[in-house]
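Me: I would like to learn how to read a structure feature by feature. Please take me through this one.

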Amino acid sequence: MANSIDKAIQDQFKFQLISVEKIPIEVWEDNFEASKHIAHLIADAIKQKQQDFQPIVLGLATGSSPVKVYEELVRMHKEDGLSFSNVYTFNLDEYYPMQPDAVQSYVRFMHEHLFNHIDIPQENIHIPDGTIPMDGVQDYCDFYEQKIESLGGLDIQLLGIGRTGHIGFNEPGSWETSKTRLVRLDNLTREDAREDFTNQDVPYRAITMGIDTIMKAKQIQIMAWGAHKAPVVKIAAEDEVSATIPSSYLQHHDNTIFYIDRTAASELTRFKTPWLVGICNWDDDLITKAVTWLSEKLSKPILKLTNEDYNENNLSDLIIEEASAYQLNIRVFNRLQHTITGWPGGKPNADDSTRPERAKPSKKRVIIFSPHPDDDVISMGGTFIRLVDQGHEVHVAYQTSGNIAVNDHDALRYIEFYNEFAQETMEDSLIADMVEAERSIRHKHIGETDSDTVRKVKGLIRKGEARAGARFCGLKDSNIHFMNLPFYETGKTKKKALSQDDIDLINDLMQEIKPHQVYAAGDLADPHGTHRVCLESIFQSFDQLKNKKWMKDCWLWLYRGAWHEYPIDEIEMAVPISPEELLRKRKAIFMHQSQKDGAPFPGGDAREFWQRAEDRNREAADTFRRLGFAEYEAIEAFRRWKFDWQ
Ligand code: F6R
């Protein structure tokens, strides 16, 4: 349903008085629905031109943002008869140098995601050529521009936005008048691309359409999905136009729409601090958000905020509604205080009316779902240890094998060990397997997918590490479950779609344990990644099992992945971690040796996983301290997910 979220946004305002957004923005609950909407707009434009016997020229993007748009266009071609026979396409960019058949090539990307599945004439497809010799690049770029112009210019341009604020590969510093050219990639862009370039260098350069080329498009649709895009979306849409954020030039285009999901919208003023742009419908959540914001802004603990502080910072409405700062401060302070508990499984025989968890049953059955084999200890290792120490029946379930995130040199070490050991003890067929695995790693080409045996070895490496980590937290082996969800097993960063086979595996474990508490990685922020799919598998399992009697007592707690924590006002359970527990947590993370000292997928952050976890847990504790609560060494935070049947 178009724009379903706009109503929810409007609900938080009595009146929105001003808008600080300078590009029209549509916020969608779900990027899947938004992508379908965009695909339908494109399809309508194609059909309109067909009726007029005219061609249409589309500017296309690669990356994760448009993938679902292409999926829907392919579906419409196959099921609804949408034809692309009158379509010309020009892609924004290509790495340089780049062979068209390389796995990272945008030529290959476009064919795999779109062109191979539709009836577009091959000669209508244009993608910058990453094989042109350096001395011919400028002429080639000029020709690319002329070709677009000769077809009447771009009718619709599809864009993603990079974390640097780039569109195409127009990095910070790009001029508004820039045309198609060879550019240098920003360091952050290269970091973000590292996942696609396992074991090899990300190119330093690319050929990209210029800002001017893009701005001449008659219509521009730009997309951003996920919390990692939220800061740049805000700057591009709300701040002044500047070459340091090239996407901000779109403020000068009179037919652009920015499609974003709720998480990418989270930094926009109308979401983050709606009281600065309107008169709000205050509820407890919004009040808590406003009071913690004020406290942080003024560097004053909550209980020291005065009427004047509220009045001077656009929050006088709150004082009118609550009578005084004193009462308001106490109310919000108590709410936050009640989230803090050293008893994540509930405190036995205690009054639980203001505690995050139920006192009964005093010994709970718990499943910790971990998308990769180390998320359990990285994200909630301290709470994991506490739950075990406090006598709950804790199970951990590793949802995927995590096999693609093992370096070849680590796998080779194990294979050589096995090989040499096997030579003395094993059957010939096993030896042959291992000899083949060793050969395939030694002769692996850049970007090539691992053989089945190598993937198996890599999966086993992570399995052994996960077992060691869980044992270190005090778990017995029978409570450690490896699910190997099938959607993950492609050997590539691109995974299969979630299927009932995946959900059945979750259902089976849920039915076996009948948990009172389930912990899951709640990374709604990452719309494409493994965490998001793993969470979806749990949501679907809860939905399928909801009529079971024991499900009425089953609570779902979400933790966040390695990179970011819940904002303080969204935390519903804050578990303090002592210095000794933090050290134990660190040692549990150390068990994941293949992820130390240069993991294949560090995710744009030079710190090791244990450092990120500690920094984040210490920062959460410090936030509570700054707001005026007790000073803890570290805190792990959780949010309860409530289903509408609960
Ligand atoms: C891709 C392109 C880039 C991406 C941007 C966002 O052709 O030109 O500007 O659109 O880097 O990438 P994703 O969508 O992967 O976040």
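Me: Is L17 buried or exposed?

Reply: Start with the terms. Buried means under 20% relative accessible area, exposed means over 50%, and partly exposed lies in between (1.4 Å probe, protein chains only). L17 is exposed, because its relative accessible area is 56%. One caution on the source: this is a predicted model, where local features need pLDDT of at least 70, side-chain atom pairs count only at pLDDT 80 or more, and totals for chains, interfaces and linings use all residues. Residues are numbered from 1 along each chain as its sequence is written, and side-chain values use heavy atoms, with hydrogens and water left out.

Me: Where does L17 lie?

Reply: Helices (H or I, at least four residues) and strands (E, at least two) are DSSP runs, numbered from the N terminus. L17 lies in the loop between strand 1 (13–16) and strand 2 (25–28).

Me: What does F369 touch?

Reply: Contact means heavy atoms within 4.5 Å. Leaving out residues up to four places away in sequence, the partners of F369 include M483, I506, M510, Y519, I538 and Y559.

Me: And T383: buried or exposed?

Reply: T383 counts as buried, because its relative accessibility is 0%. Its place is in helix 14 (residues 375–389). Beyond four places in sequence, T383 touches P344, Y519, V575, I577, E636 and F638.

Me: How many salt bridges does a search of the whole structure find?

Reply: Side chains of opposite charge can pair when their charged atoms come close. The cut-off: a side-chain nitrogen of Lys or Arg within 4 Å of a carboxyl oxygen of Asp or Glu. The search finds 49. One of them joins K14 and E321, with the closest N and O atoms 3.9 Å apart. K14 lies in strand 1 and E321 in helix 12 (residues 316–322), so this pair ties together parts 307 residues apart in sequence. Both partners are partly exposed: K14 at 44% relative accessibility, E321 at 47%.

Me: Where do E149 and K216 lie?

Reply: E149 lies in helix 5 (residues 137–150), and K216 in the loop between helix 7 (211–215) and strand 10 (219–224), so their pair ties together parts 67 residues apart in sequence. Their side chains meet in a salt bridge of 3.5 Å, N to O. E149 is partly exposed at 48%, and K216 is partly exposed at 44%.

Me: Which residues are linked in a network of salt bridges?

Reply: E296, E619, D622, R625 and R626. Another salt bridge pairs D615 with R607, closest N and O atoms 2.7 Å apart. D615 is partly exposed at 35%, and R607 is partly exposed at 32%.

Me: Now the whole chain. What is the radius of gyration of the protein chain?

Reply: The radius is taken over C-alpha atoms, and the globule rule is 2.2 Å times the number of residues to the power 0.38. The protein chain has 27 Å; a compact globule of 646 residues would have a value near 26 Å, so the two agree. The C-alpha atoms fill a box of roughly 80 × 80 × 45 Å along the principal axes. The chain has 21 helices and 19 strands. Of its 646 residues, 54% count as buried. Among contacts between residues at least 6 apart in sequence, 76% join residues at least 24 apart.
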